[in-house]
Amino acid sequence: FDHGAQYFTARDPLFRAQVEAWVAQGLAAEWQGRIGTLEHGAVTPSARESVRYVGAPGMNSVAQGLADGLDVRSGVRVERLVREGRAWRLGSDAGEDLGVAEVVVAAVPAPQAVPLLAGAPALAEQAKAARLSPCWAVMARFEAPVALALDGAFVKDSPLSWVSREMSKPGRPAGERWVLHGSPEYSAAHLEETPEEMAPKLVEAFARALGTDVRAVEAVAHRWRYAMPAPPLDTPALYDAETGLGACGDWCAGPRVEGAFLSGVALARQVAAGVRGS
């Protein structure tokens, strides 16, 4: 299931070129699904035709392609940065020594970046100002086809904000599998409930939005505590060349995959300029 980012568009020339490269590599493909709005059973197809892309065969394919050939360690939480001369020694929450780095980039949600930016107080204060809305996501499987003449819908007047039919995306498995996203307001109001409590609630909200009875044979909820910038900071990235600390993300440049990409590029350029000038 694509239970996080649903698709991406490409407006900036730099990002468009990158997306074209991903498509050529087979890491992304155009999603030609029918998109529109859904409100109490009423369907309105989208009047504006945007080219939408998805990772292939899953949204994480793009990240996996970017990570190819790099030393990426998953399941490790960096918790401590200790200054050693002009570098930083990193430590994990499990007490593991993760080595020394001259430049440390926190490409994580702003609240998680704040403690890592403690060595650059001005950056930490900027990150503290960022606000992110949560999102409850449900991955649901239905036995019978869902009677909706759309493959992706922005839901109005509902606990839901978005629903999408997984099998309409290129490379996905067959079967009536849907992703349901709770609205920022509803997700915030139910933030501390359990996944077991939230899954049936959002499936029921889906049925009400459709105006018909649908029953999931399986539904699993996942909480994205920091899902959407509300709104993003008015800066492409954060970087302090003196300390070698920086941060980037969609909470800097804009709440889209494109915003996250451009924020990373902006930070990379600042880091490179600092390295050349040192």
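Buried here stands for a relative accessible area under 20%, exposed for one over 50%, and partly exposed for what lies in between. Please keep in mind throughout that this is a predicted model.

Begin by selecting R256 and E258, whose side chains meet in a salt bridge with 3.7 Å from N to O. R256 has a relative accessibility of 37% and therefore counts as partly exposed, whereas E258, at 2%, counts as buried.

Next, select E84 together with R89, and you will find their side chains joined in a salt bridge, at 2.6 Å from N to O. E84 is partly exposed, with a relative accessible area of 36%, and R89, with 28%, is partly exposed as well.

Then move to D213 and R215, a salt bridge in which the closest N and O atoms lie 3.3 Å apart. Are these two side chains buried or exposed? D213 is exposed, its relative accessible area being 53%, and R215 is exposed too, with a value of 64%.

To see salt bridges joined into a network, select R34, D151, R165 and E176, which are linked in this way. Over the whole structure, a search finds 17 salt bridges.

Now turn to the strands, and colour β3, β2, β10, β11, β12, β9 and β13 in that order, which is the order in which these seven strands form an open sheet with mixed pairing. At its edges are β3, residues 42–45, and β13, residues 216–229, each of which pairs on one side only. If you look along the sheet, the twist from one strand to the next averages 20°.

Finally, select helix α6, residues 195–210, and ask which strands it lies across. They are β2, β9 (132–142), β10 (152–155), β11 (160–165), β12 (176–182) and β13. With β9 and α6 both shown, you can follow the helix as it runs at about 75° to that strand.

Methods. Residues numbered from 1 in each chain as written. Predicted model: local features only at pLDDT ≥ 70, side-chain atom pairs only at ≥ 80, totals over all residues. Heavy atoms only, no water. Pairing = 2+ DSSP bridges. Helix = DSSP H or I, 4+ residues; strand = E, 2+ residues; numbered from the N terminus. Axes fitted to C-alpha atoms, helices over the stretch in contact; angles between N-to-C directions. Contact = heavy atoms within 4.5 Å. Salt bridge = Lys/Arg side-chain N within 4 Å of Asp/Glu carboxyl O. Buried < 20%, exposed > 50% of the residue type's maximum accessible area, 1.4 Å probe, protein only.
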